Each structure stands twice: as structure tokens, then as C-alpha cells.
Amino acid sequence: MTVESTAAARKPRRASKRTSAAKKPQSSEPQLVQLLTPEGERVEHPDYSIDLSAEELRALYRDMVLTRRFDAEATALQRQGELGLWASLLGQEAAQIGSGRALRDDDYVFPTYREHGVAWCRGVDPTNLLGMFRGVNHGGWDPTTNNFHLYTIVIGSQTLHATGYAMGVAKDGADSAVIAYFGDGASSQGDVAESFTFSAVYNAPVVFFCQNNQWAISEPTERQTRVPLYQRAQGYGFPGVRVDGNDVLACLAVTRSALERARRGEGPTLVEAFTYRMGAHTTSDDPTKYRADDERAAWEAKDPILRLRTYLEKSGHADEAFFTELETESEALGKRVREVVRAMPDPEPMSLFEHGYADGNSLVDEERAQFAAYQASFADSAEEGK
């Protein structure tokens, strides 16, 4: 190597404009669609607009309040030993009610295990959601009645079901759409990646609605992804959008637009609802062990119900009588939930073997006989003890 080449090798190169641009600090503020600020001020967005009557605004507020009350009642019932587990939606009411009210009756929903607000929008009786968590059934509703699938516990698998269903809808020539709910943690699952691939290739009429509540149990979002979640859609060839998940108006407008796009045959959309899980992941979790109180306090100021109430009061769209009447209705709902849950009958033990196979199975028949003999042994022992 010559002296000149050695010197050249040692001379630091000037960073290219592209490299310099890439190293510019990124804004910590999420770029999202917002139509109602945390202070309850109505704002406009160039790509998404919505015009709702006072009655429609009050209905959205009612949905969120009653959903929160039901959720709080279920949490209390679990603490009292009436439910085995509960996954609270506290803080995510706007994301669920806004997206749920964007759906048509003929659209189909694939939820996780936390979409209590969406279930409410689909007309599923809240008490039907509690049977599985009490351990008396595997889901207390008929999915075809409300086009609302049973809760899915396996993380991310429902996105595959939604994609396949949407592909079927397209082949049938229907103009309905499908929506799949999942969380930021599920976005790391292979099932979700495969769903994105298939939905894009087959142009499936599906909306992927990701509720980014910042925590996959105890794992923060920044440890799961190098880019905002909605930007992942670009790599699969379909659009993604981030919406203020605590703004029920924005969630309604963005989801409605994505569903209409799907119905027009333009394929899937990824919606990232940027929100916050105010409570524990489930009642078996203790979030105080992994997140700070000041973080939660910051998000309390963005409460979805409080901001809509502020707007309703400022705009004169609701009076005190409305809020008083709603509080009475909320109390009645809580009372009914308590009564129904405590009256749920225990399942017949032998029903464990039903509905596994349409035409029966020899192994299941053998297991049923063994279990029946086991159950009978308790009766024999009791008889002998008399």
C-alpha cells in the first residue's frame, strides 16, 4: 500500500446526506390521527372527517361508560372468587367502541379475549362473556348470531382465521368486510406475519386492528419493534395508519374508512390504535412491578371517557339529566351482572366429552367411561361411609 493510499484510508469520510438524515433524532410524539384532543377540543384532519349528531355522540359516550362499568364489575367479581380470571379493557374503551360502531351488521369480527366493548357493539349480552371466565362454558354465544367470533386465547391466531374468512367473503362475491383485533404483543407472532402475507397477496377484505396499549404483559413496545407498528404494513404492500386510540371519534372515522376500502376490493389495512392499558394485563398480573406510576398518571389525563364528556358539556350536546340517567343505568347493569354470574349453574361433569367430534371417537368413548367410573367411585365411598 502506498503512502497516498494509506493516508486516504485513514482520512475520515464525509457522511452522505442520506446517512446524516437517517441519524436525525426522531420525534418522540406519535404521528396519529386525532379528531378530539385530550382537553375535549374538536379538531379536523385532512384525510379523515366525521360529522355526528348530538344523539350519536351521546350514544358513543353511553357505550363507553357502560362498557367500563361492566368491565369494573367483572374485575370485582374475579377478586371475590366468582371468576377464575379477567382481562380488563380499562383505558381502551374508545378504541373498541369507535371501531365497533364503524362495523355493519354483515361484517364479521374476530376478537382476542379483551374485546368486551366490541362485543357490546355487536349486541352480545355482557353476561355471556363471563361464562368462560367462570369456567362453565367455552364461550356463551353463537358467533353466527352477531357475526362476532368466540374469544381467542391463543395469541395472534385469530388473525389467520380472519384472513381465511375474508378470502372466503371475496370468493363469495359479498361486499362485507372482516376485522381482526390483536395487541402489540401479538404483532410479534408469526401467525400475524403470515396473515399479513396472505391477506396482501389475495387482496382480502380485512382490517387488522391493533390495540397498541404499550405493554405486552410486562414487555414494553420499544423492545418489540424498531419502527411504529403501523409502518409494518408497508413491507407487505398495504397501507397502515396510526390513530389516537383514546379518541373515539378518530377510531370511528379511521376504522370506517378502512372497512369501506376493504369493501371496494382494495385489500387489507393495518390500523394501530395508540392507547394505554390502564389496569393489569389480567387479574393475575401486577403492573406495579414493571411500570412507573407517573406513566399511568400521564395517560389518565388522556382518558377517553373524560375527553368526550368534556366535549359534550362544552358543546351543549348533553345536560346533567343525561349523565344522571346514565349513572342509574350503569348501576342497574352492575347489579344484573352480579346476579347473573352468581346464578350460573355448574356444568354437568360428563359434558366435558360432548361436542369434540361430530361422529364420535373411540378414544373419547373410552375416556368418558373411565371418567364416569371415577365419578361413581365418590358416590360409592360416600355410601360406604354411612
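Over which residues does pLDDT stay under 50, and how many contacts beyond four places in sequence does the model have for them?

## Model confidence

This is a predicted model. The stretch with pLDDT under 50 is residues 1-28, for which the model has 2 contacts beyond four places in sequence. Averaged over the protein, pLDDT is 91, and 90% of the residues score at least 70.

## Helix H3

Helix H3 comprises 26 residues, 54-79. After H3 comes Gly81, whose phi is positive, near 85°.

## H3 against H13

Helix H13 covers residues 320-342 and packs on H3 at an angle of about 35°, the two axes lying 9 Å apart. The two helices cross in a right-handed sense. On the H3 side, the contact is made by Arg58, Tyr61, Arg62, Val65, Leu66, Arg69, Phe70, Glu73 and Leu77. H13 contributes Phe322, Phe323, Leu326, Glu329, Ser330, Glu331, Leu333, Gly334, Val337, Arg338, Val341 and Arg342. By class, this contact of H3 with H13 has 11 nonpolar, 2 polar and 8 charged residues.

An α-helix has 3.6 residues a turn, so residues three or four places apart point the same way. Among the H3 residues that meet H13 are Arg58, Arg62, Arg69 and Glu73.

## H3 against H4

H3 also packs with helix H4, residues 93-100, at an angle of about 130° and with the axes 10 Å apart. The pair is therefore oblique, and its crossing is right-handed. From H3, the residues Leu60, Asp63, Met64, Thr67 and Arg68 take part, and they meet Glu93, Ala94 and Ile97 of H4. The contact of H3 with H4 divides into 4 nonpolar, 1 polar and 3 charged residues.

## H8 against H9

A further helix pair is formed by H8, residues 157-172, and H9, residues 190-201. Because angles under 35 degrees count as roughly parallel, H8 is roughly parallel to H9. The crossing of H8 with H9 is left-handed.

Ser157, Thr159, Leu160 and Thr163 represent H8 in this contact, while H9 supplies Asp191, Val192, Glu194, Ser195, Phe198 and Ser199. The residues of the contact of H8 with H9 comprise 3 nonpolar, 5 polar and 2 charged.

Key. Residues are numbered from 1 along each chain as its sequence is written. This is a predicted model: local features need pLDDT of at least 70, side-chain atom pairs count only at pLDDT 80 or more; totals for chains, interfaces and linings use all residues. Side-chain values use heavy atoms; hydrogens and water are left out. Axes are lines fitted to C-alpha atoms, for helices over the stretch in contact, and angles run from 0 to 180 degrees between N-to-C directions. Helices (H or I, at least four residues) and strands (E, at least two) are DSSP runs, numbered from the N terminus. Angles under 35 degrees count as roughly parallel, over 145 as roughly antiparallel, 65 to 115 as roughly perpendicular and the rest as oblique. A crossing is left-handed if the near helix is turned anticlockwise from the far one by less than a right angle, and right-handed if clockwise. Contact means heavy atoms within 4.5 Å. Ala, Val, Leu, Ile, Met, Phe, Trp, Tyr, Cys and Pro count as nonpolar, Asp, Glu, Lys and Arg as charged, and the others, Gly among them, as polar. pLDDT is the predictor's confidence in each residue, from 0 to 100. The expected span of a helix is 1.5 Å times one less than its number of residues.
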